[in-house]
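Visitor: Before we go through this structure, I would like to hear the grounds for each label that you use.
Guide: Then let us look at it together and set each value against its cut-off.

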Amino acid sequence: MADLDQNTVTEAVIAQMADTPDPRLREVMASLVRHLHGFAREVKLTPAEWLAAIGFLTRVGQTCTPIRQEFILLSDTLGLSRLVNLMDDKANRVGEATETSLLGPFYREAAPQFGYGESIATRAKGPEMMLFGRVVNEAGEGVPHATVEIWQTDADGAYDLQVNNPEVMDMRGQFRTDAEGRYAIRTLIPLGYSIPMDGPVGAMVRAQNRHGFRPAHIHVLIGAEGYRELVTALYLGDDDHIDSDTVFGVSESLVVHPRAGLEGAPDPALPSVRYDFRIARKAAHDTSGRVGADPSKIAAE
Ligand code: BEZ
Ligand code: FE
């Protein structure tokens, strides 16, 4: 038996995992071990630091509930969610499809359905705005009967999960495009908000002297038969944190400026945003591009 040293221990672990039948699991785990060991060697990780990290990850897990996903928040604040998003976009975005953005931890399945131009604010109150436009394919043709799902904060910067009991859904809804691919959604002007700062990820963000804010945004998820699902968000350009999103979700092409009197707006008196979402045909090998999920579904999988 050979004695292990601080370098040979890495290959010993990988050798023990070499019979993993799933080739992708084998590849991912071997690389994980190499990078994890390399990281520990690079920073000369001490036993006290290792234990602090174990304590931190334990608290992250203990903070997760069916309506709160602290691990996703950790991934988001470390830029990992955005990185996975960017890589998936590069591998799968066909043509000039609308850029993607983070799903975030506040997406919920089975949001209520609304008709053209109806308001998703069933309880929350505040200044209103309108989002309208078309869902188009790569040729610029309207995609009929696409599902346009949106969710956002209210005018105080809170999601329904943060203000109501979890049974109640507000400020979220599903719409369908008409025969020409048009949609129109009445909503409240969202406010930027701080990610949840009362848990271990908040403690980490504070320790790094970061502000923890996301600029105001509206999440959008678009699905249509035969098309790749689009997970994106529109960001309000006048938000103070538009250039320093704590989870790195903003792209230039997703920045919008609501204004009244917009040509073609369903209600010209309301500040409105016209945005056409371009979706790409589904490829045969397509897997979901969602970096995130309804938190209540994650532990069950
Ligand atoms: C959000 O957009 O809702 C969000 C994304 C990442 C972390 C926290 C919130
Ligand atoms: Fe959000």
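Visitor: Which residue is the bridge partner of Ile-222 in β8?
Guide: In this predicted model, Ile-222 has Leu-230 of β8 as its bridge partner, and Leu-221 stands opposite Val-231 in β8.

Visitor: How do you know that β7 and β8 are paired strands?
Guide: Pairing asks for at least two bridges between two strands, and six bridges join β7 (residues 217-223) to β8, the two running antiparallel, so the pair meets the criterion. The two strands form a hairpin with six residues between them, and in the turn Gly-226 has a positive phi of about 85°.

Visitor: What makes β9 a partner of β8?
Guide: Two bridges join β8 to β9 (residues 255-256), and because at least two are required, the pair qualifies. These strands run parallel, and Tyr-235 has Val-255 as its bridge partner in β9.

Visitor: What makes β3 and β9 edge strands of the sheet?
Guide: The sheet is open and has five strands in the order β3-β2-β7-β8-β9, with mixed pairing. β3 and β9 each have a single partner strand, so one side of each is left without a neighbour in the sheet. For β3 (residues 172-176), five bridges join it to β2 (residues 147-152), antiparallel, and Ile-150 stands opposite Gly-173 in β3.

Visitor: Why is β8 described as largely enclosed?
Guide: A residue is called buried when its relative accessible area is under 20%, and seven of the seven residues of β8 (residues 230-236) are buried, so the strand is largely enclosed by the rest of the structure. Leu-230, Thr-232, Leu-234 and Leu-236 point one way, while Val-231, Ala-233 and Tyr-235 point the other way, and all are buried. As for β3, four of its five residues are buried, and the strand is described as mostly covered.

Visitor: Why is Thr-20 called buried?
Guide: Thr-20 has a relative accessible area of 18%, and because buried means under 20%, the label applies. Thr-20 is found in the loop between α1 (8-16) and α2, where a polar atom of its side chain lies 2.6 Å from the backbone oxygen of Met-17.

Visitor: Why is Arg-281 called partly exposed?
Guide: The relative accessible area of Arg-281 is 47%, and because partly exposed covers the range between the buried limit of 20% and the exposed limit of 50%, Arg-281 belongs to that class. Arg-281 is placed in the loop between β11 (277-278) and α8 (295-298).

Visitor: Which helix gives the most to the nonpolar patch?
Guide: α2 gives the most, with six residues, while α2 (23-43) and α3 (47-63) each supply at least two.

How values were computed. Residues are numbered from 1 along each chain as its sequence is written. Chains are lettered from A and ligands numbered from 1 in the order in which they are written. This is a predicted model: local features need pLDDT of at least 70, side-chain atom pairs count only at pLDDT 80 or more; totals for chains, interfaces and linings use all residues. Side-chain values use heavy atoms; hydrogens and water are left out. Buried means under 20% relative accessible area, exposed over 50%, partly exposed in between (1.4 Å probe, protein chains only). A polar contact is a pair of N or O atoms within 3.5 Å; within protein, one must be able to donate a hydrogen and the other to accept it, and residues adjacent in sequence count only if both atoms are side-chain atoms.
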